[in-house]
Amino acid sequence: MEQRNAGNPIRCKAAVSKAPGQPLEMEEVEVAPPRAHEVRLKIICTSLCHTDITFWRMKDFPGMFPSVLGHEAVGVVESVGDHVQEVAVGDTVVPVFLAQCGECPDCLSPRSNICSALPYRPGGMPRDGTTRFSLAATGEPVHGFLCVSSFAEYTVVDVAHVVKLPAGPELALPPEKACLLSCGVATGVGAAWKVAAVESGSTVAVFGLGAVGLAVAQGSRMRGAKRIIGIDLNPGKFEIGTPTGKKLGVTDFVNPNDIGDKNVSEVIKEMTGGAGADYCFECIGLVSVMAEAFKSSRTGWGKTVVLGVDGSAAPVSVPSFDLMRGRSVVGSLFGGIKPKDDIPVLAHKCLDKELELDDFVTHQMGFHEINRAFDLLTQGKCLRCIIWMDGACSEENGCS
Ligand SMILES: NC(=O)c1ccc[n+]([C@@H]2O[C@H](COP(=O)([O-])OP(=O)(O)OC[C@H]3O[C@@H](n4cnc5c(N)ncnc54)[C@H](O)[C@@H]3O)[C@@H](O)[C@H]2O)c1
Ligand SMILES: [Zn+2]
Ligand SMILES: [Zn+2]
(Lines give C-alpha, C1' and ligand atoms only; values in the text may rest on other atoms or scores of the structure.)
(Ligands and ions follow the chains in the order given, each with its own letter.)
Protein backbone atom coordinates (compact mmCIF):
# COMPACT_ATOMS: atom_id res chain seq x y z
CA MET A 1 0.00 0.00 0.00
CA GLU A 2 1.19 3.51 -0.82
CA GLN A 3 2.27 5.79 2.06
CA ARG A 4 0.19 8.79 0.95
CA ASN A 5 0.82 11.06 3.93
CA ALA A 6 4.19 9.57 4.83
CA GLY A 7 6.51 12.20 6.22
CA ASN A 8 3.70 14.73 6.68
CA PRO A 9 1.55 15.55 9.66
CA ILE A 10 -2.05 14.35 9.54
CA ARG A 11 -4.95 16.46 10.77
CA CYS A 12 -7.70 14.40 12.39
CA LYS A 13 -10.09 14.18 15.31
CA ALA A 14 -9.01 13.29 18.83
CA ALA A 15 -10.97 13.16 22.07
CA VAL A 16 -8.76 15.33 24.28
CA SER A 17 -8.76 15.10 28.07
CA LYS A 18 -8.26 18.68 29.26
CA ALA A 19 -8.94 18.60 33.00
CA PRO A 20 -9.23 15.88 35.68
CA GLY A 21 -12.57 14.09 35.56
CA GLN A 22 -14.04 16.42 32.91
CA PRO A 23 -15.69 15.13 29.70
CA LEU A 24 -13.26 14.68 26.80
CA GLU A 25 -13.47 17.34 24.09
CA MET A 26 -13.43 16.46 20.39
CA GLU A 27 -10.60 18.52 18.85
CA GLU A 28 -8.78 18.72 15.57
CA VAL A 29 -5.21 17.63 16.26
CA GLU A 30 -2.07 17.35 14.21
CA VAL A 31 -0.38 13.96 14.40
CA ALA A 32 3.31 14.21 13.49
CA PRO A 33 4.86 11.64 11.14
CA PRO A 34 6.55 8.66 12.76
CA ARG A 35 10.23 9.10 13.67
CA ALA A 36 12.80 6.29 13.58
CA HIS A 37 11.45 3.02 15.09
CA GLU A 38 7.90 4.42 15.10
CA VAL A 39 4.72 3.67 13.16
CA ARG A 40 1.66 5.80 12.58
CA LEU A 41 -1.63 3.93 12.92
CA LYS A 42 -5.14 4.60 11.70
CA ILE A 43 -7.22 3.40 14.64
CA ILE A 44 -10.10 1.10 13.67
CA CYS A 45 -11.64 0.79 17.11
CA THR A 46 -10.66 1.39 20.70
CA SER A 47 -12.14 0.56 24.09
CA LEU A 48 -12.08 2.01 27.55
CA CYS A 49 -10.16 0.32 30.39
CA HIS A 50 -10.37 1.34 34.04
CA THR A 51 -6.73 2.49 33.91
CA ASP A 52 -7.84 5.31 31.54
CA ILE A 53 -10.39 6.34 34.20
CA THR A 54 -7.74 6.27 36.96
CA PHE A 55 -5.41 8.61 35.03
CA TRP A 56 -8.26 10.81 33.74
CA ARG A 57 -9.26 11.50 37.37
CA MET A 58 -5.69 12.19 38.60
CA LYS A 59 -5.17 15.78 39.65
CA ASP A 60 -1.40 15.44 40.05
CA PHE A 61 1.43 13.87 38.08
CA PRO A 62 1.46 11.29 36.49
CA GLY A 63 -2.00 12.65 35.56
CA MET A 64 -1.24 15.02 32.63
CA PHE A 65 -3.40 17.50 30.71
CA PRO A 66 -4.19 18.03 27.93
CA SER A 67 -3.72 14.46 26.83
CA VAL A 68 -4.96 11.81 24.43
CA LEU A 69 -5.90 8.83 26.60
CA GLY A 70 -6.80 5.32 25.41
CA HIS A 71 -4.63 2.21 25.30
CA GLU A 72 -6.88 -0.67 24.17
CA ALA A 73 -7.18 -0.61 20.41
CA VAL A 74 -6.61 -2.14 17.03
CA GLY A 75 -5.34 -0.21 14.01
CA VAL A 76 -3.84 -0.33 10.54
CA VAL A 77 -0.30 0.84 9.83
CA GLU A 78 -0.56 4.08 7.81
CA SER A 79 3.16 4.89 7.56
CA VAL A 80 6.43 3.79 9.13
CA GLY A 81 9.58 5.62 10.23
CA ASP A 82 13.17 4.63 9.54
CA HIS A 83 14.45 1.24 10.77
CA VAL A 84 10.97 -0.30 10.94
CA GLN A 85 11.06 -3.74 9.35
CA GLU A 86 8.71 -5.72 11.53
CA VAL A 87 5.48 -4.22 10.18
CA ALA A 88 4.52 -2.66 6.86
CA VAL A 89 1.91 -0.19 5.66
CA GLY A 90 -1.51 -1.87 5.62
CA ASP A 91 -0.78 -4.40 8.40
CA THR A 92 -3.42 -4.76 11.10
CA VAL A 93 -1.81 -4.42 14.51
CA VAL A 94 -2.66 -4.27 18.18
CA PRO A 95 -0.87 -1.44 20.01
CA VAL A 96 0.08 -2.27 23.59
CA PHE A 97 1.16 -0.25 26.64
CA LEU A 98 4.11 -2.55 27.40
CA ALA A 99 7.15 -2.63 25.14
CA GLN A 100 8.87 -5.76 23.94
CA CYS A 101 12.18 -4.74 22.36
CA GLY A 102 13.19 -8.40 22.13
CA GLU A 103 16.83 -7.74 23.01
CA CYS A 104 17.14 -6.53 26.61
CA PRO A 105 17.80 -8.94 29.53
CA ASP A 106 14.12 -8.81 30.52
CA CYS A 107 12.81 -9.46 27.02
CA LEU A 108 15.28 -12.35 26.68
CA SER A 109 14.24 -13.89 30.01
CA PRO A 110 11.08 -15.95 30.41
CA ARG A 111 10.84 -14.54 33.95
CA SER A 112 9.90 -10.96 33.02
CA ASN A 113 7.62 -9.02 30.70
CA ILE A 114 8.91 -5.60 31.78
CA CYS A 115 11.19 -4.49 28.93
CA SER A 116 14.14 -2.72 30.58
CA ALA A 117 15.36 -1.03 27.38
CA LEU A 118 12.18 1.03 26.94
CA PRO A 119 10.79 1.91 30.37
CA TYR A 120 7.54 3.87 30.50
CA ARG A 121 7.87 7.65 30.05
CA PRO A 122 4.69 9.45 31.15
CA GLY A 123 3.15 11.61 28.45
CA GLY A 124 5.57 10.83 25.65
CA MET A 125 7.14 8.37 23.27
CA PRO A 126 9.39 5.73 24.86
CA ARG A 127 12.65 6.63 23.08
CA ASP A 128 12.71 10.44 23.43
CA GLY A 129 9.85 11.32 25.81
CA THR A 130 8.26 13.78 23.35
CA THR A 131 4.68 13.74 22.05
CA ARG A 132 3.50 13.42 18.43
CA PHE A 133 0.21 15.29 19.11
CA SER A 134 -0.59 19.01 19.04
CA LEU A 135 -3.81 21.03 18.81
CA ALA A 136 -4.30 22.01 15.16
CA ALA A 137 -5.68 25.45 16.05
CA THR A 138 -2.91 26.65 18.39
CA GLY A 139 -0.01 24.24 18.03
CA GLU A 140 -0.16 23.51 21.77
CA PRO A 141 1.41 20.09 22.48
CA VAL A 142 -0.95 17.39 23.74
CA HIS A 143 0.51 14.61 25.90
CA GLY A 144 0.33 10.97 24.90
CA PHE A 145 -0.76 8.19 27.24
CA LEU A 146 0.75 4.77 27.97
CA CYS A 147 2.64 4.84 24.65
CA VAL A 148 -0.63 4.19 22.75
CA SER A 149 -3.06 7.21 22.84
CA SER A 150 -5.86 5.53 20.96
CA PHE A 151 -8.64 8.09 21.51
CA ALA A 152 -7.64 9.66 18.19
CA GLU A 153 -8.25 8.74 14.57
CA TYR A 154 -4.47 8.46 14.08
CA THR A 155 -1.70 7.86 16.60
CA VAL A 156 2.03 7.21 16.57
CA VAL A 157 3.36 4.18 18.44
CA ASP A 158 6.86 2.77 18.87
CA VAL A 159 7.39 -0.45 16.91
CA ALA A 160 8.27 -2.17 20.22
CA HIS A 161 4.65 -1.44 21.27
CA VAL A 162 2.83 -3.03 18.31
CA VAL A 163 1.84 -6.64 17.79
CA LYS A 164 1.10 -7.96 14.33
CA LEU A 165 -2.01 -10.12 14.22
CA PRO A 166 -2.14 -13.51 12.51
CA ALA A 167 -2.91 -12.83 8.82
CA GLY A 168 -5.04 -14.70 6.28
CA PRO A 169 -8.80 -14.80 5.78
CA GLU A 170 -9.43 -17.73 8.12
CA LEU A 171 -7.15 -16.17 10.72
CA ALA A 172 -8.78 -12.73 10.74
CA LEU A 173 -9.93 -11.93 14.25
CA PRO A 174 -12.78 -9.36 14.21
CA PRO A 175 -11.40 -5.95 15.28
CA GLU A 176 -13.57 -5.71 18.41
CA LYS A 177 -12.09 -9.01 19.64
CA ALA A 178 -8.52 -8.05 18.78
CA CYS A 179 -9.10 -4.79 20.66
CA LEU A 180 -9.84 -6.70 23.88
CA LEU A 181 -6.46 -8.42 23.65
CA SER A 182 -4.76 -5.02 23.72
CA CYS A 183 -5.04 -4.74 27.53
CA GLY A 184 -7.80 -5.81 29.95
CA VAL A 185 -8.84 -9.26 28.77
CA ALA A 186 -5.28 -10.31 27.90
CA THR A 187 -4.19 -9.12 31.37
CA GLY A 188 -6.81 -11.24 33.14
CA VAL A 189 -6.30 -14.39 31.09
CA GLY A 190 -2.51 -13.95 31.26
CA ALA A 191 -2.56 -13.60 35.05
CA ALA A 192 -4.33 -16.96 35.45
CA TRP A 193 -2.20 -18.63 32.81
CA LYS A 194 1.29 -17.20 33.33
CA VAL A 195 1.53 -15.45 36.71
CA ALA A 196 -0.52 -17.81 38.89
CA ALA A 197 -0.34 -20.83 36.55
CA VAL A 198 -3.63 -21.95 38.13
CA GLU A 199 -3.66 -25.70 38.72
CA SER A 200 -6.51 -27.93 37.73
CA GLY A 201 -9.04 -28.57 40.51
CA SER A 202 -8.13 -25.46 42.50
CA THR A 203 -10.23 -22.74 44.11
CA VAL A 204 -9.81 -19.17 42.91
CA ALA A 205 -11.12 -15.93 44.42
CA VAL A 206 -11.47 -12.96 42.06
CA PHE A 207 -11.90 -9.52 43.66
CA GLY A 208 -13.63 -7.19 41.17
CA LEU A 209 -15.67 -8.54 38.27
CA GLY A 210 -14.91 -6.00 35.57
CA ALA A 211 -13.38 -7.14 32.28
CA VAL A 212 -10.05 -7.87 33.99
CA GLY A 213 -11.60 -9.95 36.81
CA LEU A 214 -13.93 -11.85 34.50
CA ALA A 215 -11.01 -12.57 32.18
CA VAL A 216 -9.16 -14.00 35.20
CA ALA A 217 -12.24 -16.17 35.79
CA GLN A 218 -12.24 -17.33 32.21
CA GLY A 219 -8.48 -17.97 32.23
CA SER A 220 -8.83 -19.94 35.50
CA ARG A 221 -11.66 -21.99 34.04
CA MET A 222 -9.55 -22.73 30.96
CA ARG A 223 -6.85 -24.05 33.32
CA GLY A 224 -9.32 -26.34 35.05
CA ALA A 225 -10.16 -24.43 38.26
CA LYS A 226 -13.00 -26.21 40.05
CA ARG A 227 -14.40 -23.28 41.97
CA ILE A 228 -14.22 -19.59 41.09
CA ILE A 229 -15.53 -17.19 43.75
CA GLY A 230 -16.29 -13.69 42.43
CA ILE A 231 -16.37 -10.75 44.85
CA ASP A 232 -18.02 -7.52 43.75
CA LEU A 233 -20.12 -4.76 45.29
CA ASN A 234 -22.24 -4.63 42.14
CA PRO A 235 -24.67 -7.59 41.93
CA GLY A 236 -25.19 -6.73 38.25
CA LYS A 237 -21.77 -8.19 37.52
CA PHE A 238 -23.03 -11.62 38.51
CA GLU A 239 -26.73 -12.15 37.87
CA ILE A 240 -28.13 -9.24 35.93
CA GLY A 241 -27.43 -8.17 32.37
CA THR A 242 -26.40 -10.18 29.36
CA PRO A 243 -22.83 -11.06 30.25
CA THR A 244 -23.27 -12.86 33.53
CA GLY A 245 -20.30 -13.70 35.69
CA LYS A 246 -21.65 -17.24 35.82
CA LYS A 247 -21.39 -17.65 32.08
CA LEU A 248 -17.79 -16.48 32.18
CA GLY A 249 -16.81 -19.08 34.76
CA VAL A 250 -17.69 -17.61 38.19
CA THR A 251 -19.31 -20.35 40.29
CA ASP A 252 -19.98 -18.45 43.56
CA PHE A 253 -20.60 -14.82 44.33
CA VAL A 254 -19.87 -12.76 47.43
CA ASN A 255 -21.17 -9.22 47.78
CA PRO A 256 -19.29 -7.45 50.61
CA ASN A 257 -22.49 -5.47 51.27
CA ASP A 258 -24.44 -8.65 52.07
CA ILE A 259 -22.20 -10.33 54.67
CA GLY A 260 -23.03 -8.32 57.79
CA ASP A 261 -20.08 -7.76 60.13
CA LYS A 262 -17.90 -10.41 58.54
CA ASN A 263 -14.86 -9.67 56.39
CA VAL A 264 -14.71 -11.13 52.90
CA SER A 265 -11.71 -13.25 53.97
CA GLU A 266 -13.77 -14.86 56.75
CA VAL A 267 -16.53 -15.70 54.28
CA ILE A 268 -14.05 -17.19 51.82
CA LYS A 269 -12.48 -19.29 54.57
CA GLU A 270 -15.95 -20.56 55.52
CA MET A 271 -16.70 -21.38 51.90
CA THR A 272 -13.46 -23.37 51.59
CA GLY A 273 -13.72 -25.50 54.73
CA GLY A 274 -11.54 -23.08 56.75
CA ALA A 275 -8.54 -23.23 54.40
CA GLY A 276 -8.85 -20.22 52.10
CA ALA A 277 -8.49 -19.97 48.33
CA ASP A 278 -5.54 -21.45 46.44
CA TYR A 279 -5.31 -18.29 44.31
CA CYS A 280 -6.62 -14.76 44.91
CA PHE A 281 -6.63 -12.01 42.29
CA GLU A 282 -7.15 -8.31 43.06
CA CYS A 283 -8.74 -6.70 39.99
CA ILE A 284 -10.02 -3.43 41.49
CA GLY A 285 -7.08 -1.21 42.47
CA LEU A 286 -7.59 -0.73 46.22
CA VAL A 287 -4.75 -1.54 48.64
CA SER A 288 -7.30 -2.44 51.35
CA VAL A 289 -8.75 -5.11 49.04
CA MET A 290 -5.25 -6.34 48.13
CA ALA A 291 -4.64 -7.04 51.86
CA GLU A 292 -8.06 -8.70 52.16
CA ALA A 293 -7.30 -10.87 49.12
CA PHE A 294 -4.03 -11.96 50.77
CA LYS A 295 -5.94 -12.82 53.98
CA SER A 296 -8.34 -14.93 51.91
CA SER A 297 -5.52 -17.09 50.56
CA ARG A 298 -4.53 -20.47 51.90
CA THR A 299 -1.63 -21.12 54.28
CA GLY A 300 1.02 -23.32 52.65
CA TRP A 301 0.71 -22.28 49.03
CA GLY A 302 -1.91 -19.53 48.67
CA LYS A 303 -0.88 -17.07 45.98
CA THR A 304 -2.29 -13.54 45.63
CA VAL A 305 -1.89 -11.74 42.33
CA VAL A 306 -2.34 -7.95 42.31
CA LEU A 307 -3.60 -6.59 38.99
CA GLY A 308 -5.59 -3.51 40.08
CA VAL A 309 -3.92 -0.11 39.73
CA ASP A 310 -4.13 1.94 42.92
CA GLY A 311 -3.59 5.50 41.70
CA SER A 312 -2.09 6.60 45.03
CA ALA A 313 0.60 3.89 44.82
CA ALA A 314 0.07 3.30 48.57
CA PRO A 315 1.94 0.41 50.26
CA VAL A 316 0.19 -2.91 50.93
CA SER A 317 0.58 -4.37 54.40
CA VAL A 318 0.64 -8.13 54.92
CA PRO A 319 1.58 -10.06 58.10
CA SER A 320 5.16 -11.39 57.84
CA PHE A 321 4.21 -14.64 59.60
CA ASP A 322 1.75 -15.43 56.83
CA LEU A 323 4.58 -15.06 54.32
CA MET A 324 6.69 -17.46 56.36
CA ARG A 325 3.84 -19.91 56.40
CA GLY A 326 3.92 -20.16 52.64
CA ARG A 327 1.57 -17.51 51.32
CA SER A 328 2.89 -15.21 48.63
CA VAL A 329 1.83 -12.04 46.89
CA VAL A 330 2.95 -10.87 43.49
CA GLY A 331 1.89 -8.06 41.20
CA SER A 332 1.75 -8.10 37.46
CA LEU A 333 1.54 -5.73 34.53
CA PHE A 334 -0.33 -7.15 31.56
CA GLY A 335 -0.84 -10.48 33.35
CA GLY A 336 2.78 -11.44 32.76
CA ILE A 337 2.30 -11.74 29.02
CA LYS A 338 4.99 -10.79 26.57
CA PRO A 339 2.97 -8.84 24.00
CA LYS A 340 4.60 -10.00 20.76
CA ASP A 341 4.92 -13.65 21.84
CA ASP A 342 1.67 -14.17 23.70
CA ILE A 343 -1.02 -12.00 22.05
CA PRO A 344 -0.84 -14.11 18.84
CA VAL A 345 -1.29 -17.21 21.06
CA LEU A 346 -4.39 -15.65 22.63
CA ALA A 347 -5.65 -14.64 19.17
CA HIS A 348 -5.41 -18.27 18.04
CA LYS A 349 -7.25 -19.40 21.19
CA CYS A 350 -10.03 -16.94 20.25
CA LEU A 351 -10.18 -18.27 16.69
CA ASP A 352 -10.36 -21.83 18.06
CA LYS A 353 -13.18 -20.71 20.41
CA GLU A 354 -11.17 -21.89 23.40
CA LEU A 355 -11.22 -18.28 24.59
CA GLU A 356 -14.71 -16.75 24.24
CA LEU A 357 -14.71 -12.98 24.05
CA ASP A 358 -18.27 -12.18 22.92
CA ASP A 359 -19.59 -11.48 26.41
CA PHE A 360 -16.91 -8.92 27.20
CA VAL A 361 -18.28 -6.52 24.57
CA THR A 362 -21.36 -5.07 26.25
CA HIS A 363 -21.68 -1.85 24.22
CA GLN A 364 -20.61 -0.52 20.81
CA MET A 365 -20.72 3.12 19.78
CA GLY A 366 -19.30 5.78 17.48
CA PHE A 367 -16.27 7.93 18.39
CA HIS A 368 -18.46 11.01 19.03
CA GLU A 369 -20.14 9.10 21.89
CA ILE A 370 -16.91 8.39 23.78
CA ASN A 371 -18.02 10.26 26.91
CA ARG A 372 -20.93 7.82 27.21
CA ALA A 373 -18.38 5.00 27.54
CA PHE A 374 -16.81 6.90 30.47
CA ASP A 375 -20.27 7.20 32.10
CA LEU A 376 -21.03 3.50 31.59
CA LEU A 377 -17.70 2.28 33.01
CA THR A 378 -17.70 4.63 36.01
CA GLN A 379 -21.32 3.61 36.78
CA GLY A 380 -20.45 -0.10 36.55
CA LYS A 381 -22.87 -0.64 33.66
CA CYS A 382 -20.50 -2.13 31.10
CA LEU A 383 -17.56 -4.45 30.72
CA ARG A 384 -16.03 -3.15 27.52
CA CYS A 385 -17.48 -0.49 25.21
CA ILE A 386 -16.09 -0.77 21.70
CA ILE A 387 -15.71 2.70 20.18
CA TRP A 388 -15.61 2.67 16.37
CA MET A 389 -13.65 5.55 14.87
CA ASP A 390 -15.68 5.51 11.63
CA GLY A 391 -19.06 5.63 13.36
CA ALA A 392 -21.16 2.93 14.93
CA CYS A 393 -20.64 -0.80 14.56
CA SER A 394 -21.37 -1.96 11.03
CA GLU A 395 -20.41 -4.69 8.61
CA GLU A 396 -18.39 -2.13 6.66
CA ASN A 397 -15.98 -1.40 9.49
CA GLY A 398 -15.50 -5.09 10.10
CA CYS A 399 -17.83 -5.43 13.08
CA SER A 400 -19.50 -8.80 13.22
N1 LIG B 1 -2.10 -4.83 35.84
C2 LIG B 1 -2.43 -4.47 34.62
O3 LIG B 1 -1.64 -4.59 33.69
C4 LIG B 1 -3.80 -3.93 34.38
C5 LIG B 1 -4.35 -3.97 33.09
C6 LIG B 1 -5.67 -3.53 32.92
C7 LIG B 1 -6.37 -3.02 33.99
N8 LIG B 1 -5.77 -2.96 35.22
C9 LIG B 1 -6.48 -2.49 36.41
O10 LIG B 1 -7.38 -3.54 36.79
C11 LIG B 1 -8.49 -2.98 37.51
C12 LIG B 1 -9.79 -3.47 36.87
O13 LIG B 1 -9.96 -2.93 35.57
P14 LIG B 1 -11.37 -3.11 34.80
O15 LIG B 1 -11.21 -2.42 33.51
O16 LIG B 1 -11.78 -4.53 34.85
O17 LIG B 1 -12.29 -2.23 35.78
P18 LIG B 1 -13.88 -2.22 36.01
O19 LIG B 1 -14.21 -0.88 36.51
O20 LIG B 1 -14.58 -2.73 34.80
O21 LIG B 1 -14.08 -3.32 37.16
C22 LIG B 1 -13.82 -3.09 38.52
C23 LIG B 1 -14.84 -3.89 39.32
O24 LIG B 1 -14.52 -3.76 40.72
C25 LIG B 1 -15.73 -3.62 41.45
N26 LIG B 1 -15.40 -2.97 42.73
C27 LIG B 1 -15.04 -1.69 42.96
N28 LIG B 1 -14.78 -1.50 44.28
C29 LIG B 1 -14.97 -2.69 44.88
C30 LIG B 1 -14.85 -3.15 46.22
N31 LIG B 1 -14.46 -2.33 47.22
N32 LIG B 1 -15.13 -4.45 46.50
C33 LIG B 1 -15.54 -5.30 45.51
N34 LIG B 1 -15.67 -4.92 44.22
C35 LIG B 1 -15.39 -3.64 43.91
C36 LIG B 1 -16.61 -2.78 40.54
O37 LIG B 1 -17.99 -2.94 40.88
C38 LIG B 1 -16.28 -3.37 39.17
O39 LIG B 1 -17.13 -4.43 38.82
C40 LIG B 1 -8.28 -1.47 37.45
O41 LIG B 1 -7.62 -1.06 38.64
C42 LIG B 1 -7.36 -1.28 36.27
O43 LIG B 1 -6.63 -0.08 36.36
C44 LIG B 1 -4.52 -3.41 35.41
ZN1 LIG C 1 -5.80 -1.21 30.44
ZN1 LIG D 1 13.24 -5.24 26.06
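Pro-62 lies in the loop between α1 and β4, where helices (H or I, at least four residues) and strands (E, at least two) are DSSP runs numbered from the N terminus.

Before I go on, a word on the source: what you see is a predicted model, in which local features need pLDDT of at least 70 and side-chain atom pairs count only at pLDDT 80 or more, while totals for chains, interfaces and linings use all residues. Residues are numbered from 1 along each chain as its sequence is written, and chains are lettered from A and ligands numbered from 1 in the order in which they are written.

Let me turn to two other loops. His-83, in the loop between β4 and β5, has a positive phi of about 65° although it is not a glycine, and Ser-149, in the loop between β7 and β8, has a positive phi of about 50°, again without being a glycine. Which of these is buried and which is exposed? I call a residue buried if 20 or more other C-beta atoms lie within 10 Å of its own, exposed if 12 or fewer, and partly exposed in between, with C-beta atoms placed from the backbone. His-83 is exposed, because 11 other C-beta atoms lie within 10 Å, whereas Ser-149 is buried, because it has 32.

Now the strands. Strand β3 (residues 38-47) is mostly covered, with nine of its ten residues buried. Two strands are said to pair if DSSP finds at least two bridges between them, and β3 has several such partners. Eight bridges join β3 to the antiparallel strand β4 (residues 72-80), and there Ser-47 has Glu-72 as its bridge partner. Five bridges, also antiparallel, link β3 with strand β8 (residues 154-158), where Val-39 is partnered by Val-157.

Within it, strand β2 (residues 25-31) and strand β6 (residues 133-135) share three antiparallel bridges, and Val-29 finds its bridge partner in Leu-135 of β6.

On to the domains. The assignment, whose bounds come from an automatic or database source, gives domain 1 (10-164 + 357-388) and domain 2 (188-332). The C-alpha centres of domain 1 and domain 2 lie 29 Å apart. Their contact, meaning residues whose C-beta atoms, placed from the backbone, lie within 7 Å of each other, takes ten residues from domain 1 and twelve residues from domain 2. On the side of domain 1 that touches domain 2, α1 gives the most, with three residues.

What surrounds ligand 1? The shell holds 33 residues, the closest being His-50, Gly-208, Gly-210, Val-212 and Gly-285; a residue counts as near if its C-beta atom, placed from the backbone, lies within 6 Å. Both domain 1 and domain 2 supply at least three residues each to this shell, and α1 (50-57), α4 and α5 (211-222) each supply at least two. By class the shell divides into 18 nonpolar, 13 polar and two charged residues, where Ala, Val, Leu, Ile, Met, Phe, Trp, Tyr, Cys and Pro count as nonpolar, Asp, Glu, Lys and Arg as charged, and the others, Gly among them, as polar.

One residue in domain 2 deserves a mention of its own, and that is Glu-282, which lies in strand β13 (residues 279-282). Glu-282 counts as buried because it has 31 C-beta neighbours inside 10 Å. Leaving aside its neighbours within four places in sequence, Glu-282 is in contact with residues including Phe-207, Gly-208, Val-289 and Met-290.

I will finish with helix α9 (residues 339-351). At 1.5 Å a residue, its 13 residues should span 18 Å, and its end C-alpha atoms are 18 Å apart, which agrees; the expected span is 1.5 Å times one less than the number of residues. The buried residues of α9 are Pro-339, Lys-340, Asp-342, Ile-343, Leu-346 and Ala-347, and what covers them includes β5 (92-95), β9 (162-164), α3 (175-180) and α4 (184-195). Just after α9, Lys-353 takes a positive phi of about 65°.

How values were computed. Contact = placed C-beta atoms within 7 Å.
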